[in-house]
Amino acid sequence: MHIVDGALSLPVVAGGAVLAVGGLAVGLKSLTMEKIPAAGVLSATFFVASLIHVPIGPSSVHLIMNGLAGLVLGWAAFPALFVGLLLQAVFFGFGGVTVLGINAVNIALPAVMVFYLCRRGVASSSPLVSALWGALGGGLAIVFTTCFVALSLALSGEEFLPAAKLVFVAHIPVMVVEALITGAAVYLARRVKPDLFNSLATSNIARSSGSL
Amino acid sequence: MMMSRLFSACALACLLSAPFSAPAWAHKVIASVYAEGDVIAGEIGFSNGDMAPDAVVEVFDPAGNRLGEARTDADGAFTFRPSQKVPHVFRSNLGAGHVAEVTMEVEDLPAMGGAVAQGAAPASTAGGAVVASSQGAPASALSMDEQEKILSGVVQKQLLPLRRELAAYKEKNDIQSILGGIGYIFGLFGLGFYIAARRKLAQVPTQAVADPSSHSPQKG
């Protein structure tokens, strides 16, 4: 999932960096004081989850957990996931520093998309319904991420369909596992702290509408 | 508070399960090259121990000029015969964003064919006799040059597992760096929290002072 240094052409890397800076700016703006602890914990979750590898066929894939980060944080998932990626690049050499921007976009933008697609469902009054929406969001985030990775490879000259197929098929188990984990996490959060998604999401909305 | 407790439990669960998946958590591409006789031998694989079979390895000089190419065998190993005394950059695209790149510096290059033959030839007869007296009959049949070749072959073979282990060790993610990374994350977000809190605290007294005065309409 982490594209390494040198795999992408320069325009793609530069475009990714520009998009990432934009996302970071919006994300930092929406990172209210109430959200900072949650962002830190989700950033750490992402950092550690990427070390858990699921062996599949000749290769292995790892968990990402960007769906959960997106559902809880919205745009603030951008800085949270960016910090995780930066430290992974520095500590373990996952990805690389030059491709940090495009990797951040590939992983954090799906999180934001899932936030907008699923936040209404997750805020549903029934915990079971919101858990199902959470599972959908967790799985969708990986689907979007694989598409973005394939797209960035395609823009760098690789054939889109074979690359997309390869990345997508390898990540089907990850989609299932993340859907289950995200669903369970949303269910648990709804039981022990029913207003988690509401309060953070509405504070996000209130803030962004206030700044307009 | 409840929610952060929930997530720290989640993070802890991930953390605790991480060491048990240790052998398989690698995802990175590893490439290593070393001199073997008069060729450069190399290996390309993933850090979980899988090798990259039948991959094209392109060889460049530092300026990006193509020097040639090699192809890995079923075990991910390849050899390349260098012809120029420049740093060699080996590059292989394994698809799906995996690119292996490794550089061999000039001083690590294997001895080029011509130089070895010149240096070894005159010494072979004298050296052969000395070794023969101490080692007995079988050694005397071999020239110094051949002995050297056999010896270097044996040493190469002995060093190979060690070299692999070293490469694997370099890629190891130990629990210390994982904990260190988590520490950095919490520290960083703690710093952000401190800055946010300070900004908020700085606002409070000015508001409290300003509220009775004419600034109150600005609120909200």
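Predicted model: local features only at pLDDT ≥ 70, side-chain atom pairs only at ≥ 80, totals over all residues.
Residues are numbered from 1 along each chain as its sequence is written, while chains are lettered from A and ligands numbered from 1 in the order in which they are written.

**View 1. The two chains and their elements.** Chain A holds nine helices and two strands, where helices (H or I, at least four residues) and strands (E, at least two) are DSSP runs numbered from the N terminus. Its elements run α-α-β-β-α-α-α-α-α-α-α from the N terminus on. Chain B has five helices and seven strands, in the order α-β-β-β-β-β-β-β-α-α-α-α from the N terminus on. Of the 212 residues in chain A, 57% are buried; for chain B, with 220 residues, the value is 20%. A residue counts as buried if 20 or more other C-beta atoms lie within 10 Å of its own, as exposed if 12 or fewer do, and as partly exposed in between, with C-beta atoms placed from the backbone. Among contacts in chain A with a separation of 6 or more, 76% involve residues 24 or more positions apart; in chain B, 49% of the contacts between residues at least 6 apart in sequence join residues at least 24 apart. Two residues are in contact if their C-beta atoms, placed from the backbone, lie within 7 Å.

**View 2. The largest nonpolar core and a second one.** A nonpolar core is a set of buried Ala, Val, Leu, Ile, Met, Phe, Trp, Tyr and Cys residues joined through C-beta atoms within 7 Å. The largest core has 81 residues, of which Leu42(A), Ala69(A), Ala77(A), Leu81(A) and Ala108(A) touch the most other members. Helix H5 (residues 100–122) of chain A gives the most to this core, contributing 13 residues. A second, separate core has 16 residues, among them Val59(B), Ala70(B), Phe80(B) and Met104(B).

View 3. Beyond its neighbours within four places in sequence, Ala69(A) contacts Leu42(A), Phe46(A), Ala77(A), Ala80(A), Leu81(A) and Ala111(A). Met65(A) lies in the loop between strand E2 (59–62) and helix H3 (66–73) of chain A. Its phi is near 65°, a positive value in a residue other than glycine. Met65(A) is buried because 32 other C-beta atoms lie within 10 Å. Just after H3(A), Gly74(A) takes a positive phi of about 65°.

View 4. Helix H4 (residues 77–92) of chain A packs with H5(A) at an angle of about 140°, the axes lying 9 Å apart. Axes are lines fitted to C-alpha atoms, for helices over the stretch in contact, and angles run from 0 to 180 degrees between N-to-C directions. Residues of H4(A) in this contact include Ala77(A), Phe78(A) and Leu81(A), and those of H5(A) include Ala104(A), Ile107(A) and Ala108(A). Ala141(A) belongs to helix H6 (residues 127–155) of chain A. Ala141(A) is buried because 34 other C-beta atoms lie within 10 Å. Not counting residues up to four places away in sequence, Ala141(A) touches Asn66(A), Gly67(A), Gly70(A), Pro110(A), Ala111(A) and Val114(A). The C-alpha atoms of Ala141(A) and Met175(A) are separated by 8.2 Å, the two residues being 34 apart along the chain.

View 5. Thr79(B) in E5(B) is the bridge partner of Ala41(B), and Ala77(B) in E5(B) is that of Glu43(B). Strand E5 (residues 77–80) of chain B has Phe78(B) and Phe80(B) on its covered face, with Ala77(B) and Thr79(B) on the uncovered one. E2(B) is mostly covered, with six of its eight residues buried.

Key:
Pairing = 2+ DSSP bridges.
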